[in-house]
Amino acid sequence: MQKPDLMASAKGPAPLAMTAIVPIKPLGAAKSRLEQLAPDARAALAARMATLTLDALAESVCIERVLVVSEGLEIAGLAAARGFQLVPDPGEGLNGAYATGLAAARAGGAGHVLLLHADFLTVDSGAIDELVSRYARQGRETAAALVPCKEGSGTNAVILPPGMAFTPMFGTDSLARHRAQLGQAVLILESDALAQDIDQLSDLDGASTQILRRARALRDASFGDIVTYSPKLFLPLTQMCRDVCHYCTFAKTPGHLAQPFIPVAEAVEQARAGLAKGCKEALLTLGEKPELRYAAARQWLDAHGYGSTLDYVADVARALRDEVGILPHINAGCMNAGELAMLRPVCASMGLMLESTSPRLCEKGGPHYGSPDKDPAPRHATLEEAGRQSIPFTTGLLIGIGETRAERIETLAAIRRLHERHGHIQEVIVQNFLPKPDTKMADHPPAPLEELVWTIAIARLMLGPEISIQAPPNLNAGQLEALVNAGINDWGGVSPLTPDFVNPEAPWPEIAELAQATARAGKVLAPRLTIYPSLLADSARWLDPAMRAPVLRLADGAGLAREDGWVSGRSQHVPNGFAMHFERTGKSRIQALAEEMLDYGADEFGTAEIASLFDARGRDYHILCEAADELRVAAKGDVATYVVNRNINYTNICTYRCTFCAFSKGTRKHEGAERPYLLEMEEIGRRVTEARTRGASEVCLQGGIHPGFTGETYLSILQAVKRAVPDMHVHAFSPLEIRHGADSMGMALDDYLALLRDHGLGSLPGTAAEILHDPVRAMLCADKVSTGEWLEVIETAHRTGLRTTSTIMFGHVDSYRDWAIHLLQLRNLQMRTGGITEFVPLPFVAHEAPLYKRGQARRGPTLREALLMHAVGRLVLYPWIGNVQASWVKLGGEGMELALRAGANDLGGTLMDESITRAAGATHGQEMTAADMQAMADSLGRRLVRRTTLYDAADTRSAPQGILHAF
């Protein structure tokens, strides 16, 4: 069984390689002593414990083989999914199962053997590896070892050396019986995690410290150092409700309302105000089916042409989506299949609190008596149908209203089963009850903090690392760090504009206050959308086509929310409060990675580690930028370089249909600002001459793939340049153009590149790269060169003596993992050839891009992401690629200054006549003068040096002292 590389590298070689034997009962028969739980809840708890145990064994560096002894079909599936061997259970109880597994292990040549129970919520690979390491350190590898249970009388695990005879004797007083059997050749090794087996619900109390630790570890495995919140507008469309929950102050009768429902126009006006404040979500909340109880509701709906409250809700949500661009999240109570289907196209997600699966709470005297919609059956049915329709869904528990801990576990078990069937539960709220005046439960005590913490931790353990767990911050002021330490990863919706209408007595915390509390708990706060990243990644399944564009407009590369309104190519200023951060507890994983890169380089970093760097926010963002700038200083000192050049795009007519490109045109007449054109050779020569007159040492030539072009065309272009200015450096022809030219002439790549070189080609731009990962290219440029073909052209150019730049065009349909793959492709290429002069991040400019206008791409990277590409590029590509260029066309002046503080050392070219990015909607102009660049360098304390295309000093006779070695 092969272990993950990251685990192996983190822990070093295993001291011993063991075979583990794990007997697991069929889930329906497991944990019969947990009689407080309903059978399905017992089975769900047993399944979760088995999963956690098997995952720990799979991740352990000390376990090379696992034998699962069972006759349960579900257990067989768990074993097969992890590559474990299944041994049929002989049906002779636990001791018979262990004996059968031990015989099978020995028959298979097992050496050291670990016998382990599967009823832990607190076990992880670290606990297993630590146990085996302690056993090995004793220097008595011929001895057996016993791990006591929490009471000290039972045996929870056994380690046996090769060939030692052993008769399993598990049961009452098993530790004493095993010690007597093994005699002097036995070690007693205590383990907090492996002592905490779960036989009864009280065990969950005794294991509280270990449960909290394990809950945090599971949370961190999926969500890392980020805790999210949703910037939301709270829109109570109506407060009428047919239910009479005994703790609720939200529901009101018509006589206590100014109007039965909020008019659609008013909802739109409020949503616009929310969007201006940074809200991404409009939480549409309302009472359940008020028209079934109140004539005023029926009359209003009839007068406005609605057949039901939900028809009206759909109309509001549609208006918010289309007129405002905010994302509706609908909490409309219990719904049938038709109602859910009607609302799905107008929202990004929906929600319904399950609260509790206990029908006891609906009996007379209970909090839900007289509230038909609080019957667990219709609520469960709504969640089930939402899963069938692939609707991203929120649900949760309300604790402290009279339910027992066993009933909470049963509710969590029901949620887990729903998610296992459909995968649609993206978040679970654990909400604590607070009594409200003027309700029947006004004198009921609030849920204690320890109950909330316990429930959060159990929810994390039962629901696993995938589902988001949240707790409302406004209901727990002063206790937020305890909630993070219990395993939450989300604060839910927090509004900068509207109160919590369900809990109006509890104001939302300020975002800065929430960020500071999150930092004190060792995490960083980040905004999210109402649909979570894991579901957004499969938007074809989880979003109606009508919702895809509104969601993508607000998303960043991680699938979270854009932090601000900055847009590449168009924004002139850095947003207020950009990259604000608070000092936080402990060292983050990203900080540790940054320190490792500075000390040892990044050559051993793989895709996962590099991708994780783009998650840097708050203090981590600054740490990465500072680390990148440290390497920039090591490589380039205080020098900032630039080149005086001119862009000449000789045609915008192109036979390719790259979905991101707004520059290329077809051959037919085009109505618009940019019509099809093809420059004559004389005009190319004229522009080259004009460029030299203005001091240019380089012309950069690229164009569309005109249907009439052949390889001879590119030779003619070179000749036109050289006729005009013989010593002008020609930086020209993308890999796509090179490939097209070679194919059209029937020449091998190396021969064609040598021909171009001999006709005056000086270097190649490393454009047409976009993202060097073919699944992304299939969406961006399916008919363009593949990743392999791009790399082949560039590598062949290097072998031919032509140097190239390298680029990445990012922030559209790609992910952080795609960015990491691209950087690794560049690094590996440069390590082979050394022919790349610079790395140039090109943030996607979306405004006029067809892919964006069709609603199929994001708005480009956020400013944080754009700057991190420069920083991570410097860190990952150092020392192989010495120069990182920032594009003023994409970033603007203020963005450029930040990039130059984040690892970039080059300001690029003056770019007379920049037109490709301008065609995509950029508004930063067509040229940056040398004076502008001098002013920017001065503001950063850098020495501005004009360079050549290949990073030599442009004029060595007048270059500052020492400039030659700076390159």
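Here, "buried" means under 20% relative accessible area, "exposed" means over 50%, and "partly exposed" is in between (1.4 Å probe, protein chains only). This is a predicted model, where local features need pLDDT of at least 70 and side-chain atom pairs count only at pLDDT 80 or more, while totals for chains, interfaces and linings use all residues. Residues are numbered from 1 along each chain as its sequence is written, and side-chain values use heavy atoms, with hydrogens and water left out.

**Stop 1: charged pairs**

Select Asp225 and Lys523; both are buried. Their side chains meet in a salt bridge, with 3.6 Å from N to O. A salt bridge here is a side-chain nitrogen of Lys or Arg within 4 Å of a carboxyl oxygen of Asp or Glu. Asp225 is in the loop between helix H9 (208-223) and strand E8 (226-238), and Lys523 is in the loop between helix H18 (511-520) and strand E16 (524-527), so this pair ties together parts that are 298 residues apart in sequence. Helices (H or I, at least four residues) and strands (E, at least two) are DSSP runs, numbered from the N terminus.

Next, select Arg584 and Asp620. Their closest N and O atoms are 3.4 Å apart, forming a salt bridge. Arg584 sits in the loop between helix H21 (545-553) and helix H22 (589-600), and Asp620 belongs to helix H24 (residues 619-636), 36 residues apart. Is Arg584 buried or exposed? At 15% relative accessibility, Arg584 counts as buried; Asp620 is buried too, with a relative accessible area of 3%.

Now move to Arg739 and Glu792, another salt bridge, with the closest N and O atoms 3.4 Å apart. This pair links helix H27 (residues 735-744), which holds Arg739, to helix H30 (residues 787-799), which holds Glu792, 53 residues apart. Arg739 is buried at 19%, whereas Glu792 is partly exposed at 39%. To see a whole network, select Arg219, Asp220, Asp225, Lys523, Arg584 and Asp620, which are joined by salt bridges that share partners. How many salt bridges does this rule give? The count comes to 55.

**Stop 2: the sheet**

Color the six strands E18-E19-E20-E21-E22-E23, which form an open sheet in that order with parallel pairing. Two strands pair if DSSP finds at least two bridges between them. Strand E18 (645-648) and strand E23 (836-843) stand at the edges with a single partner strand each, so one side of each has no neighbour in the sheet. Zoom in on strand E21 (residues 761-764) and strand E22 (residues 803-810), which run parallel and are joined by two bridges. Here Ser763 stands opposite Arg803 in E22.

**Stop 3**

Most residues other than glycine have a negative phi, and most peptide bonds are trans. Select Ser390, where phi is positive, near 55°. Ser390 lies in the loop between helix H14 (376-388) and strand E12 (393-399), and is buried at 12% relative accessible area.

Then select Phe733, which has a positive phi of about 75° although it is not a glycine. Phe733 is in the loop between strand E20 (729-732) and H27, and counts as buried at 1% relative accessibility.

Finish at Tyr878 and Pro879, joined by a cis peptide bond with omega about 0°. Pro879 is in the loop between helix H33 (863-877) and helix H34 (888-900).
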